[in-house]
Amino acid sequence: MQNISSRWLLRMLPWIHTSGGTYRVNRRLSYAIGDGRLSFTSQGTDIRVIPPELRELPLLRHFDDDSTLEALANRFTQTHHDTGDTITQTGQPADRLILIAHGKVNKIGTGPYGDNTILTVLADGDYYGDHTLTTTTPTPTWDHTIQAVTPTTTLTLTRQAFNELLAQSQTLRTHLQTQQETPKPPQNKHGEALIEITSGHHGEPHLPGTFVDYETTPREYELSVAQTILRIHTRVADLYNQPMNQTHQQLRLTIEALRERQEHELINNPEFGLLNNADLKQRIHTRTGPPTPDDLDDLLCRRRRSHLFLAHPLTIAAFGRECSRRGIYPQTSELHGQTVASWRGVPLLPCDKIPISDAGTTSVLVMRTGQEDEGVIGLHYTGLPDEYEPGLSVRFMGVNEQAVISYLVSTYYSAAVLVPDALGILENVEIGH
(Lines give C-alpha, C1' and ligand atoms only; values in the text may rest on other atoms or scores of the structure.)
Protein backbone atom coordinates (compact mmCIF):
# COMPACT_ATOMS: atom_id res chain seq x y z
CA MET A 1 0.00 0.00 0.00
CA GLN A 2 1.82 3.11 -1.27
CA ASN A 3 -0.32 5.44 0.82
CA ILE A 4 1.60 4.52 3.98
CA SER A 5 4.08 7.26 4.93
CA SER A 6 6.51 7.75 7.79
CA ARG A 7 3.91 9.82 9.71
CA TRP A 8 6.54 11.59 11.78
CA LEU A 9 4.05 14.05 13.24
CA LEU A 10 2.00 11.28 14.83
CA ARG A 11 5.16 9.67 16.16
CA MET A 12 6.73 12.83 17.58
CA LEU A 13 3.72 14.50 19.20
CA PRO A 14 3.24 13.73 22.91
CA TRP A 15 -0.31 12.36 23.14
CA ILE A 16 -2.43 13.51 26.07
CA HIS A 17 -5.53 11.68 27.29
CA THR A 18 -8.45 14.11 27.03
CA SER A 19 -11.22 13.37 29.52
CA GLY A 20 -14.68 14.47 28.47
CA GLY A 21 -13.55 14.98 24.87
CA THR A 22 -12.42 18.59 25.47
CA TYR A 23 -9.04 20.09 26.33
CA ARG A 24 -8.98 23.62 27.75
CA VAL A 25 -5.93 25.84 27.31
CA ASN A 26 -5.71 28.47 30.07
CA ARG A 27 -3.36 31.24 28.95
CA ARG A 28 -2.12 34.42 30.48
CA LEU A 29 -4.19 37.34 29.24
CA SER A 30 -2.88 38.94 26.04
CA TYR A 31 -4.06 42.25 24.62
CA ALA A 32 -4.97 42.42 20.94
CA ILE A 33 -2.88 45.12 19.28
CA GLY A 34 -3.97 44.80 15.67
CA ASP A 35 -0.96 43.01 14.27
CA GLY A 36 -2.83 40.68 11.90
CA ARG A 37 -2.87 40.47 8.15
CA LEU A 38 -5.42 41.89 5.77
CA SER A 39 -7.33 40.02 3.07
CA PHE A 40 -8.19 41.18 -0.43
CA THR A 41 -10.57 40.38 -3.27
CA SER A 42 -9.66 40.48 -6.94
CA GLN A 43 -11.68 40.78 -10.12
CA GLY A 44 -9.30 40.40 -13.01
CA THR A 45 -6.50 42.85 -12.33
CA ASP A 46 -8.59 44.97 -9.96
CA ILE A 47 -7.71 44.28 -6.31
CA ARG A 48 -9.60 45.68 -3.31
CA VAL A 49 -9.13 45.33 0.42
CA ILE A 50 -12.06 43.70 2.23
CA PRO A 51 -13.51 46.54 4.35
CA PRO A 52 -13.98 44.59 7.66
CA GLU A 53 -10.35 43.46 7.36
CA LEU A 54 -9.25 47.05 7.98
CA ARG A 55 -9.94 46.36 11.66
CA GLU A 56 -6.61 44.51 11.66
CA LEU A 57 -4.96 47.95 11.65
CA PRO A 58 -4.21 49.13 15.21
CA LEU A 59 -5.97 52.46 14.75
CA LEU A 60 -9.20 50.77 13.59
CA ARG A 61 -9.26 47.93 16.11
CA HIS A 62 -12.86 47.41 17.38
CA PHE A 63 -14.23 50.11 15.05
CA ASP A 64 -17.85 49.04 14.39
CA ASP A 65 -19.04 51.38 11.62
CA ASP A 66 -19.11 49.17 8.50
CA SER A 67 -20.23 51.98 6.18
CA THR A 68 -17.20 54.08 7.12
CA LEU A 69 -14.90 51.09 6.58
CA GLU A 70 -16.47 50.61 3.14
CA ALA A 71 -15.86 54.28 2.30
CA LEU A 72 -12.29 53.98 3.55
CA ALA A 73 -11.63 50.87 1.45
CA ASN A 74 -12.86 52.71 -1.67
CA ARG A 75 -10.21 55.41 -1.16
CA PHE A 76 -7.26 53.04 -1.63
CA THR A 77 -5.44 53.22 -4.94
CA GLN A 78 -3.72 50.27 -6.59
CA THR A 79 -0.09 50.42 -7.73
CA HIS A 80 2.17 47.84 -9.38
CA HIS A 81 5.91 47.70 -8.63
CA ASP A 82 8.53 45.75 -10.55
CA THR A 83 11.34 43.80 -8.92
CA GLY A 84 13.87 46.21 -7.40
CA ASP A 85 11.52 49.20 -7.30
CA THR A 86 11.75 51.42 -4.22
CA ILE A 87 8.32 51.92 -2.68
CA THR A 88 9.42 54.16 0.19
CA GLN A 89 12.78 55.83 0.83
CA THR A 90 14.25 56.58 4.25
CA GLY A 91 14.02 60.31 4.97
CA GLN A 92 11.41 61.05 2.32
CA PRO A 93 8.00 62.49 3.38
CA ALA A 94 5.74 59.82 4.89
CA ASP A 95 2.20 60.54 3.79
CA ARG A 96 0.40 57.24 3.16
CA LEU A 97 -0.55 53.80 4.41
CA ILE A 98 0.71 50.92 2.25
CA LEU A 99 -0.98 47.50 2.08
CA ILE A 100 0.90 44.63 0.43
CA ALA A 101 -1.80 42.93 -1.65
CA HIS A 102 0.51 40.56 -3.52
CA GLY A 103 4.25 40.05 -3.72
CA LYS A 104 7.20 40.34 -1.39
CA VAL A 105 9.18 43.39 -0.23
CA ASN A 106 12.22 44.00 1.97
CA LYS A 107 12.01 46.39 4.90
CA ILE A 108 15.45 48.02 4.99
CA GLY A 109 16.88 50.07 7.84
CA THR A 110 20.22 51.57 8.78
CA GLY A 111 22.61 49.28 10.63
CA PRO A 112 24.85 50.25 13.57
CA TYR A 113 27.71 51.11 11.19
CA GLY A 114 25.67 53.16 8.73
CA ASP A 115 25.13 50.41 6.17
CA ASN A 116 21.75 49.17 4.96
CA THR A 117 20.28 46.13 6.71
CA ILE A 118 17.25 44.03 5.75
CA LEU A 119 15.17 44.10 8.93
CA THR A 120 12.31 41.89 7.79
CA VAL A 121 10.35 40.69 4.77
CA LEU A 122 6.77 41.83 4.17
CA ALA A 123 4.39 39.89 1.94
CA ASP A 124 0.71 39.34 1.13
CA GLY A 125 -1.51 40.88 3.81
CA ASP A 126 1.18 42.90 5.58
CA TYR A 127 1.11 46.68 5.85
CA TYR A 128 3.40 49.61 6.56
CA GLY A 129 2.92 53.28 7.40
CA ASP A 130 -0.32 53.19 9.39
CA HIS A 131 1.23 55.62 11.91
CA THR A 132 1.48 58.31 9.23
CA LEU A 133 -2.31 58.75 9.12
CA THR A 134 -2.65 60.03 12.69
CA THR A 135 0.79 61.39 13.53
CA THR A 136 1.02 64.90 15.00
CA THR A 137 4.48 65.50 13.54
CA PRO A 138 4.28 68.40 11.05
CA THR A 139 6.44 66.75 8.39
CA PRO A 140 6.82 63.01 9.13
CA THR A 141 9.41 61.02 7.19
CA TRP A 142 9.88 57.34 6.46
CA ASP A 143 12.02 55.46 8.96
CA HIS A 144 12.67 52.58 6.55
CA THR A 145 13.16 51.87 2.87
CA ILE A 146 10.68 49.43 1.33
CA GLN A 147 11.98 47.68 -1.80
CA ALA A 148 10.19 45.13 -3.98
CA VAL A 149 11.84 41.70 -4.09
CA THR A 150 9.28 40.31 -6.55
CA PRO A 151 6.67 41.99 -8.75
CA THR A 152 4.42 43.54 -6.12
CA THR A 153 0.93 45.03 -6.01
CA THR A 154 0.19 47.55 -3.27
CA LEU A 155 -2.89 49.48 -2.16
CA THR A 156 -2.17 52.94 -0.75
CA LEU A 157 -4.25 55.38 1.27
CA THR A 158 -2.92 58.93 1.42
CA ARG A 159 -3.10 61.01 4.56
CA GLN A 160 -5.12 63.60 2.67
CA ALA A 161 -7.78 61.03 1.65
CA PHE A 162 -7.95 59.76 5.23
CA ASN A 163 -8.39 63.27 6.62
CA GLU A 164 -11.19 63.97 4.12
CA LEU A 165 -13.11 60.96 5.37
CA LEU A 166 -12.27 61.86 8.97
CA ALA A 167 -13.90 65.26 8.49
CA GLN A 168 -17.07 63.58 7.21
CA SER A 169 -17.39 60.78 9.78
CA GLN A 170 -18.24 61.63 13.37
CA THR A 171 -18.00 57.96 14.39
CA LEU A 172 -14.43 57.76 13.13
CA ARG A 173 -13.43 60.94 14.97
CA THR A 174 -15.00 59.64 18.18
CA HIS A 175 -13.27 56.28 17.80
CA LEU A 176 -9.81 57.82 17.33
CA GLN A 177 -10.34 60.22 20.22
CA THR A 178 -11.43 57.40 22.53
CA GLN A 179 -8.48 55.32 21.45
CA GLN A 180 -6.05 58.15 22.25
CA GLU A 181 -7.62 58.86 25.64
CA THR A 182 -7.83 55.21 26.77
CA PRO A 183 -4.66 54.34 28.70
CA LYS A 184 -2.72 51.37 27.40
CA PRO A 185 -2.86 48.49 29.92
CA PRO A 186 0.54 47.50 31.35
CA GLN A 187 1.94 44.58 29.37
CA ASN A 188 5.20 42.85 28.56
CA LYS A 189 6.88 42.67 25.15
CA HIS A 190 4.66 39.75 24.15
CA GLY A 191 1.45 41.69 24.83
CA GLU A 192 0.65 39.71 27.99
CA ALA A 193 -0.83 41.37 31.07
CA LEU A 194 2.09 42.54 33.21
CA ILE A 195 3.11 40.85 36.44
CA GLU A 196 4.55 43.74 38.47
CA ILE A 197 7.81 42.94 40.26
CA THR A 198 10.33 45.19 42.05
CA SER A 199 14.03 44.34 42.04
CA GLY A 200 17.32 45.97 42.98
CA HIS A 201 15.80 48.04 45.77
CA HIS A 202 17.24 48.87 49.20
CA GLY A 203 15.61 49.36 52.55
CA GLU A 204 11.90 48.83 52.95
CA PRO A 205 10.15 50.26 49.87
CA HIS A 206 6.50 49.67 49.12
CA LEU A 207 6.27 46.43 47.14
CA PRO A 208 3.76 46.28 44.28
CA GLY A 209 0.75 44.05 44.59
CA THR A 210 0.17 41.84 41.56
CA PHE A 211 -1.69 38.85 40.18
CA VAL A 212 -1.57 36.74 37.02
CA ASP A 213 -4.43 37.74 34.75
CA TYR A 214 -5.79 34.91 32.60
CA GLU A 215 -7.87 34.96 29.45
CA THR A 216 -11.53 35.15 30.39
CA THR A 217 -12.64 32.94 27.49
CA PRO A 218 -9.86 30.35 27.02
CA ARG A 219 -9.88 28.15 23.98
CA GLU A 220 -11.27 24.66 24.27
CA TYR A 221 -10.15 22.00 21.80
CA GLU A 222 -12.80 19.38 21.10
CA LEU A 223 -11.71 16.00 19.83
CA SER A 224 -12.37 15.42 16.16
CA VAL A 225 -13.22 12.01 14.75
CA ALA A 226 -12.21 10.00 11.71
CA GLN A 227 -14.40 6.97 10.97
CA THR A 228 -15.15 4.37 8.35
CA ILE A 229 -17.12 1.13 8.12
CA LEU A 230 -15.13 -1.91 7.02
CA ARG A 231 -17.31 -4.47 5.24
CA ILE A 232 -16.15 -8.05 4.69
CA HIS A 233 -18.26 -10.87 3.26
CA THR A 234 -18.58 -13.85 5.56
CA ARG A 235 -17.41 -16.09 2.70
CA VAL A 236 -14.09 -14.26 2.65
CA ALA A 237 -13.77 -14.32 6.43
CA ASP A 238 -14.63 -18.03 6.57
CA LEU A 239 -12.76 -19.50 3.59
CA TYR A 240 -9.88 -17.23 2.62
CA ASN A 241 -7.97 -16.72 5.86
CA GLN A 242 -5.04 -18.90 4.79
CA PRO A 243 -2.15 -18.38 4.31
CA MET A 244 -3.02 -14.91 5.63
CA ASN A 245 -5.94 -13.64 7.67
CA GLN A 246 -7.99 -11.52 5.25
CA THR A 247 -9.97 -9.86 8.03
CA HIS A 248 -6.79 -8.90 9.84
CA GLN A 249 -5.09 -7.57 6.69
CA GLN A 250 -8.08 -5.51 5.54
CA LEU A 251 -8.40 -4.08 9.04
CA ARG A 252 -4.66 -3.30 9.12
CA LEU A 253 -4.77 -1.38 5.83
CA THR A 254 -7.95 0.42 6.88
CA ILE A 255 -6.24 1.57 10.07
CA GLU A 256 -3.19 2.72 8.05
CA ALA A 257 -5.47 4.85 5.86
CA LEU A 258 -7.22 6.20 8.96
CA ARG A 259 -3.89 7.22 10.50
CA GLU A 260 -2.88 8.91 7.26
CA ARG A 261 -6.12 10.92 7.34
CA GLN A 262 -5.49 11.74 11.00
CA GLU A 263 -2.09 13.25 10.23
CA HIS A 264 -3.54 15.14 7.27
CA GLU A 265 -6.18 16.68 9.53
CA LEU A 266 -3.62 17.60 12.19
CA ILE A 267 -1.79 19.61 9.52
CA ASN A 268 -4.63 21.04 7.42
CA ASN A 269 -7.87 21.09 9.43
CA PRO A 270 -9.28 24.66 9.42
CA GLU A 271 -10.16 24.50 13.14
CA PHE A 272 -7.22 22.77 14.84
CA GLY A 273 -4.72 22.09 12.02
CA LEU A 274 -1.23 23.39 12.71
CA LEU A 275 -1.00 25.35 9.45
CA ASN A 276 -4.08 27.35 10.46
CA ASN A 277 -3.31 27.81 14.15
CA ALA A 278 0.15 29.35 14.11
CA ASP A 279 0.25 32.85 15.60
CA LEU A 280 0.64 35.64 13.05
CA LYS A 281 3.82 36.83 14.75
CA GLN A 282 5.28 33.35 14.26
CA ARG A 283 4.75 33.35 10.49
CA ILE A 284 7.73 34.56 8.50
CA HIS A 285 8.66 34.66 4.83
CA THR A 286 11.73 33.44 3.00
CA ARG A 287 14.36 36.03 2.22
CA THR A 288 14.65 35.12 -1.45
CA GLY A 289 12.23 32.29 -2.25
CA PRO A 290 13.81 28.85 -1.76
CA PRO A 291 14.42 27.55 1.79
CA THR A 292 17.90 28.63 2.85
CA PRO A 293 19.90 28.06 6.05
CA ASP A 294 19.23 31.72 6.89
CA ASP A 295 15.47 31.11 6.75
CA LEU A 296 15.64 28.11 9.07
CA ASP A 297 17.80 30.12 11.46
CA ASP A 298 15.11 32.82 11.49
CA LEU A 299 12.56 30.16 12.45
CA LEU A 300 14.73 28.81 15.26
CA CYS A 301 15.54 32.16 16.83
CA ARG A 302 11.87 33.00 17.44
CA ARG A 303 11.27 30.25 20.02
CA ARG A 304 13.05 28.39 22.78
CA ARG A 305 14.00 24.72 22.51
CA SER A 306 12.71 23.83 19.06
CA HIS A 307 12.28 20.07 18.87
CA LEU A 308 11.62 19.40 15.19
CA PHE A 309 11.14 20.81 11.71
CA LEU A 310 8.37 19.41 9.51
CA ALA A 311 8.55 19.89 5.74
CA HIS A 312 7.43 18.25 2.52
CA PRO A 313 10.08 15.88 1.09
CA LEU A 314 10.45 18.16 -1.95
CA THR A 315 11.11 21.07 0.40
CA ILE A 316 13.85 19.11 2.14
CA ALA A 317 15.38 18.43 -1.26
CA ALA A 318 15.22 22.15 -2.11
CA PHE A 319 16.91 22.96 1.20
CA GLY A 320 19.64 20.45 0.36
CA ARG A 321 20.24 22.19 -2.96
CA GLU A 322 20.62 25.56 -1.21
CA CYS A 323 23.09 24.02 1.24
CA SER A 324 25.09 22.51 -1.64
CA ARG A 325 25.15 25.88 -3.38
CA ARG A 326 26.77 27.39 -0.27
CA GLY A 327 29.13 24.50 0.30
CA ILE A 328 27.31 23.40 3.46
CA TYR A 329 26.61 19.78 4.36
CA PRO A 330 23.62 19.44 6.72
CA GLN A 331 24.05 17.30 9.80
CA THR A 332 22.14 14.10 10.51
CA SER A 333 20.48 12.83 13.66
CA GLU A 334 19.44 9.44 14.96
CA LEU A 335 15.72 9.34 15.68
CA HIS A 336 13.73 6.21 16.51
CA GLY A 337 16.48 4.09 15.00
CA GLN A 338 16.56 6.04 11.73
CA THR A 339 19.03 8.56 10.35
CA VAL A 340 17.32 11.83 9.43
CA ALA A 341 18.54 15.20 8.20
CA SER A 342 18.83 17.97 10.76
CA TRP A 343 19.73 21.63 11.04
CA ARG A 344 21.41 23.11 14.13
CA GLY A 345 20.73 19.80 15.86
CA VAL A 346 16.96 19.97 15.20
CA PRO A 347 15.63 17.04 13.10
CA LEU A 348 14.23 17.99 9.68
CA LEU A 349 11.43 15.47 9.22
CA PRO A 350 9.44 14.77 6.03
CA CYS A 351 5.65 15.12 5.89
CA ASP A 352 3.86 14.78 2.56
CA LYS A 353 0.62 16.15 4.08
CA ILE A 354 1.94 19.73 3.90
CA PRO A 355 0.34 21.11 0.73
CA ILE A 356 2.19 22.49 -2.29
CA SER A 357 0.41 25.19 -4.27
CA ASP A 358 0.03 25.23 -8.04
CA ALA A 359 2.75 27.88 -8.10
CA GLY A 360 5.20 25.52 -6.37
CA THR A 361 5.16 27.15 -2.94
CA THR A 362 4.76 25.42 0.41
CA SER A 363 5.50 25.85 4.12
CA VAL A 364 7.99 24.64 6.71
CA LEU A 365 6.85 24.09 10.31
CA VAL A 366 9.01 24.16 13.42
CA MET A 367 7.67 23.31 16.84
CA ARG A 368 8.38 22.72 20.47
CA THR A 369 6.44 19.78 21.85
CA GLY A 370 5.18 18.63 25.24
CA GLN A 371 3.08 19.96 28.12
CA GLU A 372 6.05 20.65 30.39
CA ASP A 373 7.69 22.82 27.72
CA GLU A 374 4.40 24.58 26.87
CA GLY A 375 4.60 23.29 23.33
CA VAL A 376 2.43 21.50 20.80
CA ILE A 377 0.60 18.40 22.00
CA GLY A 378 -1.66 15.78 20.47
CA LEU A 379 -5.02 15.04 22.06
CA HIS A 380 -6.78 11.69 22.07
CA TYR A 381 -9.04 9.55 24.22
CA THR A 382 -7.89 6.18 25.50
CA GLY A 383 -9.98 3.45 27.09
CA LEU A 384 -12.60 3.36 24.33
CA PRO A 385 -14.98 0.41 24.13
CA ASP A 386 -13.51 -2.28 21.82
CA GLU A 387 -10.21 -0.40 21.72
CA TYR A 388 -7.86 -1.91 19.13
CA GLU A 389 -4.99 0.57 19.51
CA PRO A 390 -4.61 3.51 21.92
CA GLY A 391 -7.28 5.99 20.88
CA LEU A 392 -8.67 3.73 18.10
CA SER A 393 -11.60 1.35 18.39
CA VAL A 394 -12.98 -1.40 16.14
CA ARG A 395 -16.60 -2.23 16.89
CA PHE A 396 -18.48 -5.19 15.49
CA MET A 397 -21.72 -3.91 13.90
CA GLY A 398 -23.26 -7.23 12.97
CA VAL A 399 -24.01 -9.25 9.83
CA ASN A 400 -26.62 -7.99 7.35
CA GLU A 401 -28.99 -9.99 5.16
CA GLN A 402 -26.38 -10.18 2.40
CA ALA A 403 -24.03 -11.97 4.81
CA VAL A 404 -21.67 -8.99 5.02
CA ILE A 405 -19.85 -8.38 8.30
CA SER A 406 -19.45 -4.70 9.27
CA TYR A 407 -16.89 -3.15 11.60
CA LEU A 408 -16.96 0.50 12.69
CA VAL A 409 -13.38 1.82 12.86
CA SER A 410 -13.05 5.11 14.78
CA THR A 411 -10.29 7.32 16.14
CA TYR A 412 -10.64 10.57 18.09
CA TYR A 413 -7.92 13.21 18.02
CA SER A 414 -6.95 16.87 17.93
CA ALA A 415 -3.89 19.06 18.52
CA ALA A 416 -3.32 22.06 20.78
CA VAL A 417 -0.72 24.84 20.67
CA LEU A 418 -0.24 25.77 24.32
CA VAL A 419 1.57 29.10 23.80
CA PRO A 420 2.02 31.07 20.56
CA ASP A 421 5.80 30.65 20.23
CA ALA A 422 5.51 26.84 20.36
CA LEU A 423 4.79 26.74 16.62
CA GLY A 424 6.35 28.70 13.78
CA ILE A 425 5.83 28.60 10.01
CA LEU A 426 8.07 29.62 7.12
CA GLU A 427 5.59 30.60 4.40
CA ASN A 428 5.71 30.95 0.61
CA VAL A 429 8.68 28.60 0.30
CA GLU A 430 9.60 28.08 -3.37
CA ILE A 431 10.74 24.55 -4.20
CA GLY A 432 11.26 24.83 -7.95
CA HIS A 433 14.69 24.48 -9.49
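Which residues line the largest cavity? Select Pro 291, Leu 296, Ala 311, Thr 315, Ile 316, Phe 319, Leu 348 and Val 364. Before going further, note that this is a predicted model, where local features need pLDDT of at least 70, side-chain atom pairs count only at pLDDT 80 or more, and totals for chains, interfaces and linings use all residues. Residues are numbered from 1 along each chain as its sequence is written, and side-chain values use heavy atoms, with hydrogens and water left out.

**The cavity**

About 30 Å³ of space lies in this largest cavity, and the count comes to one cavity of 30 Å³ or more. The search runs on a 1 Å grid over the protein atoms alone: a cavity is a set of points where a 1.4 Å probe fits but cannot get out, a pocket is an open set with protein on both sides within 12 Å along at least five of seven lines, and lining residues have an atom within 4 Å of a point. Grid points are joined across faces, edges and corners, and a volume is the space filled by probe spheres set on the points.

Colour the lining by class and you get seven nonpolar, one polar and no charged residues. (Ala, Val, Leu, Ile, Met, Phe, Trp, Tyr, Cys and Pro count as nonpolar, Asp, Glu, Lys and Arg as charged, and the others, Gly among them, as polar.) Helix α9 (residues 313–325) gives the most to this lining, with three residues. Helices (H or I, at least four residues) and strands (E, at least two) are DSSP runs, numbered from the N terminus.

**The seven-stranded sheet**

Switch to cartoon and pick out the open sheet ordered β15-β25-β20-β16-β19-β18-β17, with mixed pairing. Two strands pair if DSSP finds at least two bridges between them. At the edges are β15 and β17 (331–335), each pairing on one side only. Neighbouring strands here are turned by 35° against each other on average, direction ignored.

Now zoom in on β16 (residues 308–311) and β19 (residues 346–350), which pair in the parallel sense over three bridges. Phe 309 has Leu 348 in β19 as its bridge partner, and Leu 348 is also one of the cavity-lining residues.

Next, show helix α8 (residues 293–300), which lies across β15, β16, β18 (338–343), β19, β20 (361–367) and β25 (423–430). Against β25, α8 runs at about 160°. Axes are lines fitted to C-alpha atoms, for helices over the stretch in contact (heavy atoms within 4.5 Å), and angles run from 0 to 180 degrees between N-to-C directions.

Move to the antiparallel open sheet in the order β6-β11-β8-β9. Its edge strands are β6 (86–88) and β9 (116–123), and the twist averages 30° from one strand to the next. Strand β8 (residues 104–110) pairs with β9 over seven bridges; look for Gly 109 opposite Thr 117.

Stay on β9: the strand supplies five residues, the largest share, to the lining of the second largest pocket. About 740 Å³ of space lies in that pocket. Of its 25 lining residues, the closest to the centre are Thr 120, Val 121, Leu 122, Asp 126 and Arg 302. By class, the lining has eight nonpolar, six polar and 11 charged residues.

**Last stop: two helices**

Select α3 (residues 159–168) and α4 (residues 170–181), which pack at about 105° with their axes 5 Å apart. The pair is therefore roughly perpendicular (65 to 115 degrees; under 35 is roughly parallel, over 145 roughly antiparallel and the rest oblique). Show side chains for Phe 162, Leu 166, Ala 167 and Gln 168 in α3, which meet Gln 170, Leu 172, Arg 173 and Leu 176 in α4.
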